[in-house]
Amino acid sequence: MTSDLVHASGSATSRDKANTTAHASAHDIDHQLVQDLVADLASRITSKTARDSASTSPERAHLRQLTALVAIRGAADELATTAAFEAARGGANYPAIGDAAGITRQAARDRWPGLVGRTRTVRTPSPDATEVGNSMTDGEGS
C-alpha cells in the first residue's frame, strides 16, 4: 500500500527510499488519483440515493453530487482527526503531523490543539534518582 502512495514514475530506488521514511508526506500522494476516486465515490453515492435518475434534472443531479461531496469531506475530516490522534499517540509530533496533512506544524496545532501533549506518556522520576533536577522535590524546599 505504501508504494501506491509514491508516484508510479519513480524508480525502485526512490520507492524504497519513500518506504523507509519516518512518515508519509502529503506530497507523496497522487492528487489526481485521489480526485478521481472521490468523484467516483460521489457518483456511486448519488446513484444509490437517486430515486428516479431518468427524470432528474441536471440541476438536481448536481445538487445531489454536491451533497455527496460535502458528506465525503465530513467523513474525511473525521478520519483525519482519528489518524492525527493515533499518530500522536504513536509518538508523532506536530511537525510530522503537519507534514503528513500538508499543512504547517502551527496549522496542525490549530486544527488539533493539545493533541501531542495529551497523548504522550509522562514519566515520573524514580525515587532513587540522583541527578540534579531529576527529583520531584527539587526547588520545592523539602
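Predicted model: local features only at pLDDT ≥ 70, side-chain atom pairs only at ≥ 80, totals over all residues.

Student: Ok, and which residue does R111 form a salt bridge with?

Tutor: The partner is D77, and the closest N and O atoms of this salt bridge are 3.3 Å apart. R111 lies in helix α6, residues 105-111, whereas D77 lies in helix α4, residues 58-89, so the pair ties together parts that are 34 residues apart in sequence.

Student: Is D77 buried, exposed or partly exposed?

Tutor: D77 is partly exposed, because its relative accessible area is 37%, which lies between the 20% and 50% cut-offs.

Student: How many salt bridges are there?

Tutor: The count comes to three salt bridges, where a side-chain nitrogen of Lys or Arg has to be within 4 Å of a carboxyl oxygen of Asp or Glu. One of them joins R44 to D40, with the closest N and O atoms 3.5 Å apart, and another joins R89 to E86, where the corresponding separation is 3.1 Å.

Student: Where do R44 and D40 lie?

Tutor: Both R44 and D40 lie in helix α3, which covers residues 31-49, and they are four residues apart, about one turn of the helix. R44 is exposed, with a relative accessible area of 52%, while D40, at 38%, counts as partly exposed.

Student: And how far apart in the helix are R89 and E86?

Tutor: R89 and E86 are three residues apart in helix α4, again about one turn of the helix. R89 counts as exposed at 53% relative accessibility, whereas E86 counts as partly exposed at 37%.

Student: Which residue caps the N-terminal end of α3?

Tutor: That residue is D30, which has a side-chain oxygen 3.2 Å from the backbone nitrogen of Q32.

Student: Changing topic: which residues form a nonpolar patch on the surface?

Tutor: The patch is formed by L63, L66 and V70, which together have about 260 Å² of accessible area. L63 sits in helix α4 and counts as partly exposed at 44% relative accessibility.

Student: Zooming out, how many helices and strands are there in the protein?

Tutor: The protein has seven helices and zero strands. Of its 142 residues, 15% are buried, and its accessible surface comes to about 10800 Å², with 54% of that belonging to carbon and sulfur atoms.

Student: What about contacts between residues at least 24 apart?

Tutor: If we take the contacts between residues at least 6 apart in sequence, 45% of them join residues at least 24 apart. As a separate example of distance along the chain, D99 and H27 are 72 residues apart, and their C-alpha atoms are separated by 8.6 Å. D99 is found in helix α5, residues 94-101, and counts as partly exposed at 28% relative accessibility.

Terms used
Residues numbered from 1 in each chain as written. Heavy atoms only, no water. Helix = DSSP H or I, 4+ residues; strand = E, 2+ residues; numbered from the N terminus. Buried < 20%, exposed > 50% of the residue type's maximum accessible area, 1.4 Å probe, protein only. Contact = heavy atoms within 4.5 Å. Areas by Shrake-Rupley, 256 points an atom, 1.4 Å probe, with all protein chains shown as cover. Patch = residues over 30% accessible without salt bridge, like charges linked within 9 Å, V, L, I, M, F, W, Y side chains within 5 Å. Polar contact = N/O pair within 3.5 Å; in protein donor to acceptor, adjacent residues only side chain to side chain.
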